[in-house]
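Please go through the structure shown below.

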Amino acid sequence: MAGPQCCSNPPNINPSSGEGTVDQLGGLKAYISGSPHSKLAILLITDGFGYEAPNLRKLADKVAAAGFYVVAPDFYYGEPFDWNRPLQDWLKDHGTDKGFEDAKLVVEALRSKGFSAIGAAGFCWGGKVAIELAKSNLIQAAVLCHPSFVTLDDVKGVKVPISILAAEIDQLTPPAIAKQYEEALTAKSEVDSYVEVFPKVVHGWTLRYEVDDEAAANSAEDAHKKMLDWFSKYVK
C-alpha cells in the first residue's frame, strides 16, 4: 500500500519555516504553534516528508490561529523520506507501528500538560497512525487526509468521530476504497463520521501543492477548512 504516488511532488524542506517553534514533547522534537494556555490540542501526523515541510507548518499555524495548540512531531527522527533510499527500505526503519507508539507518548505528554481534549490529523503515512489513535480512544476526534496503510478493519474499529478526506486520483486510497470506508462508518451509528472524495486532486494534495497553483491551493484550502471544522465541532 505504498508506492511512487506516496512520495511524488516532494516539498522543499525548510527547518526555519513557520511562525511556531521547535521543542521537545513526549521524547520527540516537534514543531509547535499556538498558545500553551489553550486546553485543546491538535496532533498533526505528517506524511513521509516530515515536520519541516513549509506547507505542513503553514497548516499548523492556521489551525493554531483557530485557538488550538498544535504539535507536529518529528516521527522520523531526522530522517524524512528522500529519493536516495528505496521507499520500502525507509519504511522498515520508520514503520507506522513505531509511529503509533511515539504518538501515544506525545498524547500522554499533552495530557500531563493539562490539555483536556486532543484531535489528530494524519496525512498519508500519518493516516495509519491517526486511525490507530482513534481505535484506542486516546483522542477525541480524527481526520485522515489521503491515508495510506489503512484497512477496512481499522475503519470498523474506530471509536471517536472521524473524517476521511480522500483524493479522486489516488492509488493508495482510491475512491472505491473510500466508499467502503464510508459504508463501514455509516453502519457505526454510534460514531459520527464524514467521508469525501475530492475531485481532480491526487494523493498528497492537502500538503504537497504549489502555492502559486491557484486550483491546487484552493483544493487544499477546502480540505483544511473541513478538517478545522471537524476539530472545532468535536475537540472542545
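## Annotated domain

UniProt, in an unreviewed entry, places the feature "domain: Dienelactone hydrolase" at residues 29–234. In this predicted model, the chain over residues 29–234 is 41% helix and 22% strand. The end C-alpha atoms of that stretch lie 27 Å apart.

## Overall fold and dimensions

The protein contains seven helices and eight strands. Its C-alpha atoms fill a box of roughly 45 × 40 × 35 Å along the principal axes. A compact globule with 236 residues would have a radius of gyration near 18 Å, and the 16 Å of the protein agrees with this.

Of the contacts in the protein with a separation of 6 or more, 71% are between residues 24 or more positions apart. Buried residues account for 53% of the 236 residues.

## Surface and charge

How much accessible surface does the protein have, and what share belongs to carbon and sulfur atoms? The accessible surface comes to about 10200 Å², and carbon and sulfur atoms hold 52% of that surface.

The protein carries 23 positive and 31 negative charges.

## Helix 4

Helix 4 spans residues 125–135 and is mostly covered, with ten of its eleven residues buried. Among the buried residues are Trp125, Val129, Ile131 and Leu133. The glycines Gly126 and Gly127 are buried as well, as are the alanines Ala130 and Ala134. Lys128 and Glu132 also belong to the buried residues of helix 4.

Which residue takes a positive phi just after helix 4? That residue is Asn137, with a phi of about 65°.

## Lys29

The UniProt domain feature covers residues 29–234, and Lys29 is found in strand 2, which runs over residues 28–33. Is Lys29 buried or partly exposed? Lys29 has a relative accessible area of 45%, so this residue counts as partly exposed; the cut-offs for that class are 20% and 50%.

Leaving aside residues up to four places away in sequence, Lys29 touches Val22, Asp23, Gln24, Tyr51, Pro73 and Asp74. Two of these contacts, Asp23 and Asp74, are with residues of the type counted as negative. Lys29 and Gly157 are separated by 128 residues in sequence, and their C-alpha atoms are 30 Å apart in space.

Definitions and conventions. Residues are numbered from 1 along each chain as its sequence is written. This is a predicted model: local features need pLDDT of at least 70, side-chain atom pairs count only at pLDDT 80 or more; totals for chains, interfaces and linings use all residues. Side-chain values use heavy atoms; hydrogens and water are left out. Helices (H or I, at least four residues) and strands (E, at least two) are DSSP runs, numbered from the N terminus. The radius of gyration is taken over C-alpha atoms; the globule rule is 2.2 Å times the number of residues to the power 0.38. Buried means under 20% relative accessible area, exposed over 50%, partly exposed in between (1.4 Å probe, protein chains only). Contact means heavy atoms within 4.5 Å. Accessible areas come from the Shrake-Rupley method with a 1.4 Å probe; for residues, only the protein chains shown count as cover. The place of a charge is taken as NZ of Lys, CZ of Arg, CG of Asp or CD of Glu. UniProt positions are given in the numbering used here, feature names are shortened, and annotations may be inferred rather than shown by experiment.
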